[in-house]
Protein chains: 2
Amino acid sequence: MPKNADPRACSIADALELVGERWSLLAIREILHGVRRFDGIARNTGASRDILTARLRKLESVGVIRRELYSAHPPRFEYHLTESGRELSDVLAMLMKWGDRHLNPDDPPVRWWHSCGEVLEPVVVCAHCGKPAREGAHSPFGRGVIPA
Amino acid sequence: MPKNADPRACSIADALELVGERWSLLAIREILHGVRRFDGIARNTGASRDILTARLRKLESVGVIRRELYSAHPPRFEYHLTESGRELSDVLAMLMKWGDRHLNPDDPPVRWWHSCGEVLEPVVVCAHCGKPAREGAHSPFGRGVIPA
């Protein structure tokens with residue numbers, strides 16, 4: 001195998017670097033559930049206040065969440081997802097599905113209704129043909145592909 | 001708000017606990033790319049050997065990967081995804097899409113062909129109606145829903 005000092009160029013690695021840490025994703029989950037204040041996010045995730053503070057600052061700095069003042073004296077903020085933050089719910093949906101199937105098969109802790117009237121069952125498909133993405137994916141290409 | 005000492009019951013948290021760590025997900029990425037041996041996975045992820053050893057052991061213990069002996073003297077192993085491991089590619093696909101859109105919009109490092117003949121563009125839809133999951137999800141229910 002050829003030596004290459006650099007790891008694979010990859011948007012998965014880049015995304016994990018910014019938003020992939022456990023407490024970050026759980027904070028995003030809470031905001032999706034409508035829990036927007038620090039105390040509620042801390043309580044429902046179980047994150048320590050120090051770690052949660054750092055994670056929320058990072059998520060704000062990369063544009064995934066924004067703060068809104070809801071009390072001026074003392075200053076207090078609510079957290080909202082930006083558009084790029086809302087897009088991360090696709091990642092969370094697939095993590096939830098995996099956990100439901102493999103870790104909580106008899107009793108999924110949270111389910112969501114979908115606008116079609118059914119309980120949401122998220123699947124990843126190809127936008128072009130509508131068929132499952134996973135089974136049909138093949139032959140990766142681009143600068144992140146490393147010759148065997 | 002009512003006090004609850006326990007964090008939210010949630011398959012996202014459970015899944016992150018088992019497979020959500022950065023190096024674990026990057027190791028799974030490498031196996032999806034067909035890189036099955038320790039040295040290749042270490043090189044392409046950039047993980048330290050100690051951390052990668054620990055992550056691979058954990059992934060094996062939770063049934064996401066399995067080892068196959070490819071050399072008896074000395075004993076050497078290749079890593080393969082189980083069915084539950086392959087299902088995690090749905091999570092990775094959506095992380096990759098997010099990273100492509102927000103971090104590498106002009107030059108996605110890796111793309112995949114899909115069996116339909118187009119470049120794969122993964123989207124999360126509702127299995128029942130085929131419409132986007134995200135915009136239509138509402139009214140979560142179950143024991144993991146915490147009253148406001």
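1. Contact range in chain A. In this predicted model, residues 24 or more positions apart account for 43% of those contacts in chain A that have a separation of 6 or more. Of the 148 residues of the chain, 45% count as buried.

2. Overall dimensions. The radius of gyration of chain A is 19 Å, whereas a compact globule of 148 residues would have a value near 15 Å. Taken along the principal axes, the box filled by the C-alpha atoms of chain A is roughly 60 × 45 × 30 Å. Both descriptions concern chain A by itself, and the contacts with chain B are treated next.

3. Interface between the chains. The contact between the two chains involves 78 residues of chain A and 78 residues of chain B. On the chain A side, helix 6 (residues 89-102) supplies the largest share, with 12 residues. By class, that side of chain A comprises 40 nonpolar, 23 polar and 15 charged residues.

4. Strand 3 (residues 111-114) of chain A runs antiparallel to strand 5 (residues 137-141) of chain B, and three bridges join them. Within strand 5 of chain B, the residue opposite A:Trp113 is B:His138.

5. Secondary structure of chain A. The chain contains seven helices and five strands. Read from the N terminus, the order of elements is α-α-α-α-β-β-α-α-β-β-α-β.

6. The hairpin of chain A. Strand 1 (residues 65-71) and strand 2 (residues 76-81) of chain A are paired in the antiparallel sense through six bridges. These two strands of chain A form a hairpin, with four residues between them.

7. Cis peptide bonds. As background, most peptide bonds are trans. The bond from A:His73 to A:Pro74, however, is cis, with omega near -5°, and A:Pro74 is found in the loop between strand 1 and strand 2 of chain A. In chain B, the bond from B:His73 to B:Pro74 is likewise cis, with omega near -5°. B:Pro74 is found in the loop between strand 1 (65-71) and strand 2 (76-81) of chain B.

8. Positive phi at serine. Most residues other than glycine have a negative phi. A:Ser139 is not a glycine, yet its phi is positive, at about 50°; the residue lies in strand 5 (residues 137-141) of chain A. A:Ser139 counts as exposed because it has 10 C-beta neighbours inside 10 Å, where the cut-off for exposure is 12 or fewer. B:Ser139 also has a positive phi of about 50° without being a glycine, and its place is in strand 5 of chain B. With 10 other C-beta atoms within 10 Å, B:Ser139 is exposed.

9. Helix 1 of chain A. Seven of the nine residues of helix 1 (residues 11-19) of chain A are buried, so this helix is largely enclosed by the rest of the structure. The buried residues are A:Ser11, A:Ile12, A:Ala13, A:Asp14, A:Ala15, A:Leu16 and A:Val19. Their cover includes helix 2 (22-32) and helix 4 (49-61) of chain A, together with helix 2 and helix 6 of chain B.

10. Helix 2 of chain B. In helix 2 (residues 22-32) of chain B, 10 of the 11 residues are buried, and the helix is therefore largely enclosed by the rest of the structure. Among the buried residues are B:Trp23, B:Arg29 and B:Glu30. Just after this helix, B:Gly34 takes a positive phi of about 90°.

11. Helix 6 of chain B. The 14 residues of helix 6 (residues 89-102) of chain B should span 20 Å at 1.5 Å a residue, and the end C-alpha atoms are 20 Å apart, which agrees.

12. The nonpolar core. In soluble globular proteins, nonpolar side chains tend to be buried together. Here the largest nonpolar core has 79 residues, of which A:Leu95 and B:Leu95 touch the most other members. Which residues does B:Leu95 touch, not counting those up to four places away in sequence? They are A:Ile12, A:Ala15, A:Leu16 and A:Val91. Of these, A:Ile12, A:Ala15 and A:Leu16 are among the buried residues of helix 1 of chain A.

Notes
Residues numbered from 1 in each chain as written. Chains lettered and ligands numbered in written order. Predicted model: local features only at pLDDT ≥ 70, side-chain atom pairs only at ≥ 80, totals over all residues. Pairing = 2+ DSSP bridges. Contact = placed C-beta atoms within 7 Å. Nonpolar A, V, L, I, M, F, W, Y, C, P; charged D, E, K, R; others polar. Rg over C-alpha atoms; globule rule 2.2 N^0.38 Å. Buried ≥ 20, exposed ≤ 12 C-beta atoms within 10 Å, placed from the backbone. Core = buried A, V, L, I, M, F, W, Y, C linked by C-beta atoms within 7 Å. Expected span 1.5 Å × (residues − 1).
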